Every structure is written in C-alpha cells, then in structure tokens.
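The sequence and structure come first.

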Amino acid sequence: MVEELVAAGVTVVCAGAVYGMAAARVVKQYERGVVFRLGKLTSSVRGPGFTMIVPFVDKLRKVNMQIVTMPVPAQEGITRDNVTVRVDAVVYFKVVDASDAVVQVEDYRFAVSQMAQTSLRSIIGKSDLDDLLSNREKLNQGLELMIDSPAIGWGVQIDRVEIKDVSLPETMKRSMARQAEADRERRARVINADAELQASRKLAEAAQQMEDTPAALQLRLLQTVVAVAAEKNSTLVLPFPVELLRFLERATPGDAAPAARSAVHQLTELSKRTPEPEPEPRTPAREGEESTAEGA
C-alpha cells in the first residue's frame with residue numbers, strides 16, 4: 001500500500017514537472033507576448049518576465065518592441081524635371097501595439113519594406129533634382145508621413161526616414177560640373193570687372209590730382225625710373241610724356257620757350273603721323289605679266 005502511494009506521488013510530481021515545463025514561458029524585457037487560446041486572441045498581452053500558459057491550449061507569440069533599422073533598396077525613377085536617378089533610404093520603426101502587429105498584418109516587416117519602396121518611388125516622381133540634392137529634410141518628412149499613415153493600423157510607428165544617397169548618371173554629373181565651372185568663371189569675371197572699375201576710379205582721381213599739381217607727374221616719373229632700375233636691366237625704357245614738355249614749356253623763361261614749343265609741336269606731329277603701308281611684294285607671275293604687257 002505504501003509503495004503504491006509513493007509511486008502515485010512520484011507520478012503526480014513528474015506530471016506536475018512536465019506540466020510546469022510545458023506551461024512556463026519567459027518574455028524578455030524588450031518583448032511582449034501575445035497569447036492565442038484555441039486560436040482566439042486573449043485580451044491581455046504578457047509583459048516581460050516569467051509567465052504561464054495552458055499547454056496544448058494556449059499559444060504564445062513573442063513580438064520584438066525594439067526599434068528596427070531597415071534599409072530600403074535603391075529605387076530608380078525619373079524626377080519631375082526628367083532626370084533619371086537612383087535613390088536609397090533607411091527606415092527606423094518600432095512596434096507599439098503587439099496585438100495589431102500580429103493580427104492585422106501577416107508580416108509587418110515585409111509590409112513596411114514594401115510600403116517604403118513604393119513611397120520612395122512616389123517621392124522621386126514628385127520632386128525635382130535640386131530638391132533631392134539640397135532639400136532632403138522636407139523629402140524625409142514627406143516619406144515619413146506616407147509610410148506612417150498605413151503603418152498605424154498595423155501597430156507600427158515610423159520613427160524616422162532618411163534618404164541615404166542619390167546616384168546620378170555620368171553625363172548628368174559632367175553637365176553639373178560644367179555648370180558649376182561656368183558659374184565660378186562668371187563670378188570671377190564680375191569680380192575682375194569690379195576691380196577694374198575701382199582701379200579706374202582711383203586712377204582718375206590720381207590724374208586729377210596730378211593735373212592740379214604738375215610737379216606730381218615728374219615725381220611719379222622718377223618713381224617709375226627707380227622701380228625699373230631696381231631690376232638691374234641692361235636696357236632702360238624711359239617714358240617721356242608730352243605733359244612734362246608742356247610743364248617745362250610753361251616753366252621755361254625767356255628764349256628757351258620757343259624751343260620747348262617746337263619740341264612739343266614735333267612730338268605731337270609724330271604721335272599723329274600714321275605709318276605708310278608697305279608696298280606689296282611682287283611675285284614672279286606678276287612680273288612676267290607686266291613684261292608681256294610692256295612688250296605689247
């Protein structure tokens with residue numbers, strides 16, 4: 001009798017141990033447990049820690065609540081200004097309702113991936129190339145709204161969407177490089193022209209000052225001679241302006257004035273005189289023609 005009781009006790013303990021092992025579940029801190037009892041969703045979602053279910057009756061499905069980083073494959077499309085580009089992005093999302101993520105959609109990861117690819121193609125067709133290259137924050141917000149609208153019903157929240165890279169054809173890259181080079185050249189020419197304008201104004205002021213003070217022209221000439229002589233050249237070109245002769249004409253007293261006037265007159269005539277055109281060289285054919293004409 002005692003042996004039967006002991007055997008029955010051992011059997012009950014073993015059965016309890018087997019039942020406990022079959023019913024015991026552990027849910028991690030970043031997970032939530034969704035329980036289906038005979039195929040029907042129970043109202044409560046199991047939190048992290050140790051939990052028990054009814055073996056062969058309940059089925060526990062764990063759902064990861066961490067933020068998921070999902071790369072979106074590169075999508076090729078045509079922008080609104082008819083430029084072919086390839087754009088890839090990355091989506092950050094997390095599950096906020098474990099029950100909806102299990103019941104409302106078969107595979108929420110695959111659903112979010114397909115929605116991200118479709119939204120990326122749509123945003124490429126609605127945007128210009130300049131927006132894709134320089135106004136990405138606005139495009140990221142538009143992508144987030146397009147993906148987040150259907151994802152709310154799946155128990156998924158889109159945390160962030162980022163466009164990673166925009167690939168352009170080589171011809172478009174060369175065209176953009178030429179455009180940038182032309183723009184830099186235009187700005188360089190404008191800056192150079194502005195510098196020439198400022199320099200001309202300063203030169204005009206200097207000429208006006210020299211006109212009011214004739215001795216300043218002679219001082220400037222001497223400065224030019226000193227600057228040229230500093231290079232230790234064997235040949236020295238000395239500019240001799242007509243204004244200096246006129247200054248000497250006004251400054252020369254008595255009999256030297258007519259000589260200065262004649263020197264000024266000769267320099268003026270030389271500056272106005274134009275060189276005569278050189279005679280055209282004769283060719284042998286023309287000389288033969290001329291001799292034939294003379295013989296006739």
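The chain contains 10 helices and eight strands; these are DSSP runs numbered from the N terminus, with helices being H or I over at least four residues and strands being E over at least two. The model is predicted, so local features need pLDDT of at least 70 and side-chain atom pairs count only at pLDDT 80 or more, while totals for chains, interfaces and linings use all residues. Residues are numbered from 1 along each chain as its sequence is written, and side-chain values use heavy atoms, with hydrogens and water left out.

**Whole chain**

Of the 296 residues in the chain, 23% are buried. Buried stands for under 20% relative accessible area, exposed for over 50%, and partly exposed for what lies in between (1.4 Å probe, protein chains only). Among contacts (heavy atoms within 4.5 Å) between residues at least 6 apart in sequence, 63% join residues at least 24 apart.

**Nonpolar core**

A nonpolar core is a set of buried Ala, Val, Leu, Ile, Met, Phe, Trp, Tyr and Cys residues joined through side-chain atoms within 4.5 Å. The largest one here has 37 residues, and V85, V91 and F93 have the most contacts inside it. Two or more residues each come from β2 (31-37), β6 (68-78), β7 (84-95), α2 (98-103), α3 (108-126), α4 (129-134), α5 (136-151) and β8 (156-167). Helix α3 gives the largest share of this core, seven residues.

Not counting residues up to four places away in sequence, V85 touches Q75, E76, G77, T79, I124, L129, L132, V166, S167 and L168.

**Helix α3**

The 19 residues of α3 reach 27 Å from the first C-alpha to the last, close to the 27 Å expected at 1.5 Å a residue; the expected span is 1.5 Å times one less than the number of residues. At the N-terminal end, D107 caps α3, with a side-chain oxygen 3.3 Å from the backbone nitrogen of R109.

Buried residues of α3 are Y108, A111, V112, S113, A116, Q117, S119, L120, I123 and I124. Their packing partners are β5 (58-64), β6, β7, α2, α5 and β8.

On β6, Q75 is buried, at 5% relative accessible area. Its side chain meets that of R121 in a polar contact of 2.8 Å. Such a contact is a pair of N or O atoms within 3.5 Å; within protein, one must be able to donate a hydrogen and the other to accept it, and residues adjacent in sequence count only if both atoms are side-chain atoms. Leaving aside residues up to four places away in sequence, Q75 touches V85, R86, V87, Q117, L120, R121 and I124.

**Salt bridges**

The whole structure holds seven salt bridges, each a side-chain nitrogen of Lys or Arg within 4 Å of a carboxyl oxygen of Asp or Glu.

| Pair | N to O distance |
|---|---|
| D58 and R37 | 2.6 Å |
| E76 and R86 | 3.6 Å |
| D183 and R186 | 2.8 Å |

D58 in strand β5 and R37 in strand β2 are 21 residues apart, and their pair links distant parts of the chain. D58 is buried at 8% relative accessibility, whereas R37 is partly exposed at 39%.

E76 is in strand β6 and R86 in strand β7, so their pair ties together parts 10 residues apart in sequence. Both ends are partly exposed: E76 at 43% and R86 at 39%.

D183 and R186 lie three residues apart in helix α6 (residues 170-212), which means that about one helical turn separates them. D183 is partly exposed at 30%, and R186 is partly exposed at 48%. A network of salt bridges links D183, R186 and R187.

**Backbone angles**

Most residues other than glycine have a negative phi. L38 has a positive phi, near 55 degrees, and lies in the loop between β2 and β3 (40-46). F56, which is not a glycine, has a positive phi of about 65 degrees and sits in the loop between β4 (49-52) and β5. L38 is exposed at 71% relative accessible area, and F56 is exposed at 86%.
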